[in-house]
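Okay, thanks for coming, everyone. Let me put the model up on the screen and we can walk through it together.

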Amino acid sequence: MIDKNMFASDNYSGICPSAWKALEEANHGFGCAYGDDDWTHRACDALRDFFETDCQVFFVFNGTAANSLALASLCRSYHSIICHELAHVETDECGACEFFSNGTKVLLVPGADGKVDLDAVRHTVERRTDIHYPKPKALSLTQATEVGTLYTVAEMAAIGGLAKGLGLKLHVDGARFANALASLNVAPAELSWRAGVDVLTFGGTKNGMPVGEAVVFFDHKLAEEFDFRCKQAGQLASKMRFLAAPWAGMLEAGALLDNADHANSMARLLATQLTGIEGISLVHPVEASAVFVRLPEPLIDALHDAGWHFYTFIGSGHARFMCSWQTTAADVGYFVAEVKRLADLQKI
Ligand SMILES: *Cc1c(COP(=O)(O)O)cnc(C)c1O
């Protein structure tokens, strides 16, 4: 069955088999509430193994909460957070970051292909040091970015060095961090704490879990009282084991990276096939699971009329097609044939 929602977003996908299996295994007997259970301990340990360091881990329901609570823990109300102008934190979180930090201001910087321009970051920090300016305190990056591109390990290390030099804490919105790891084929430690990342919001939902993101603090001091912050924000799950079990199951089975790797390879296949059609070109390099293309306006309309669901307002405002753990090569083939058929019809 072809489902015309399948390229709309990676959160249109279902629950992957290893997350489902873990949930089923966790669904026996009783478990301590609020995170003091075996599954939560096991998932935290699995994440510490994954990152090869003694990090502090918290599970929350979604990415908006993970980002805004993590950022709130880095800042006071008179501080500011620097991020890219396309960052989810700025464009898709309804001001949650400012709300949970009691008014910390978000300052935007530009940058090609969804990546912050380092000179702009430096300028934003150094242009004012007086008491009237919201003091820059954190830099937030998205990895993989909102337009499906990646910061390499070297770029991350350079940013980490810059942030340190400027006195900024470094946060990474990793809703698709697994896609970045799989694509760059590097150790999780290299792309995080060894590059200077202080706190990572690590996405599970878009990579095959039913719900839930992990907030991973590499600097223990910053995690102080984070449990209270989560509770007050309504983000402390009472049956925490069901947020944690998919992390344990997927990490132990290697599914976290396998799923991401699969989504990335489907995106590469889709990009190659779509750009083989006359009039279609890539907007950004395809480095993770997103494909952004320029499509002629009548073709966008024809696809929408034929029932295909995809977004055209995300990032720089082109058509975006997302792949997930659930996308198959047959799905890609069917969709590309449809695009070609509709494109050909318009030539007549
Ligand atoms: C999806 C996404 C999130 C999380 O969004 P929620 O809907 O709040 O779970 C965060 N950052 C980025 C870049 C995303 O794409």
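Predicted model: local features only at pLDDT ≥ 70, side-chain atom pairs only at ≥ 80, totals over all residues.

Numbering runs from 1 along each chain as its sequence is written, and side-chain values use heavy atoms, with hydrogens and water left out.

So, who sits around the ligand? The shell is Asn62, Gly63, Thr64, Asn67, His88, Glu93, Thr142, Glu146, Asp173, Ala175, Arg176 and Lys206, where being in the shell requires a heavy atom within 4 Å of the ligand. By class that's 1 nonpolar, 6 polar and 5 charged residues; here Ala, Val, Leu, Ile, Met, Phe, Trp, Tyr, Cys and Pro count as nonpolar, Asp, Glu, Lys and Arg as charged, and the others, Gly among them, as polar. Helix α3 (residues 63-72) gives the largest share, 3 residues, with helices being DSSP runs of H or I, at least four residues, and strands runs of E, at least two, numbered from the N terminus.

Now the polar contacts, meaning N or O pairs within 3.5 Å. Asp173 puts a polar side-chain atom 2.6 Å from a ligand nitrogen. Lys206 also uses a polar side-chain atom, 2.6 Å from a ligand oxygen. With Gly63 it's a polar backbone atom, 2.9 Å from an oxygen of the ligand. On its own the ligand exposes 390 Å², and the protein buries 81% of that (Shrake-Rupley, 1.4 Å probe).

On to the domains. The assignment, automatic or from a database, gives domain 1 (17-253) and domain 2 (256-347). Their C-alpha centres are 28 Å apart. Across the interface, 23 residues of domain 1 contact 22 residues of domain 2, with contact meaning heavy atoms within 4.5 Å. About 1800 Å² is buried there, 59% of it from carbon and sulfur atoms; that's accessible area, 1.4 Å probe, lost on putting the two parts together and summed over both.

Last, the backbone. Most residues other than glycine have a negative phi, and most peptide bonds are trans. Tyr34, in the loop between α1 (17-26) and α2 (38-51), has a positive phi of about 60°. And the peptide bond from Gln143 to Ala144 is cis, omega near -5°; Ala144 lies in the loop between β4 (135-142) and α7 (153-166).

Methods: Polar contact = N/O pair within 3.5 Å; in protein donor to acceptor, adjacent residues only side chain to side chain.
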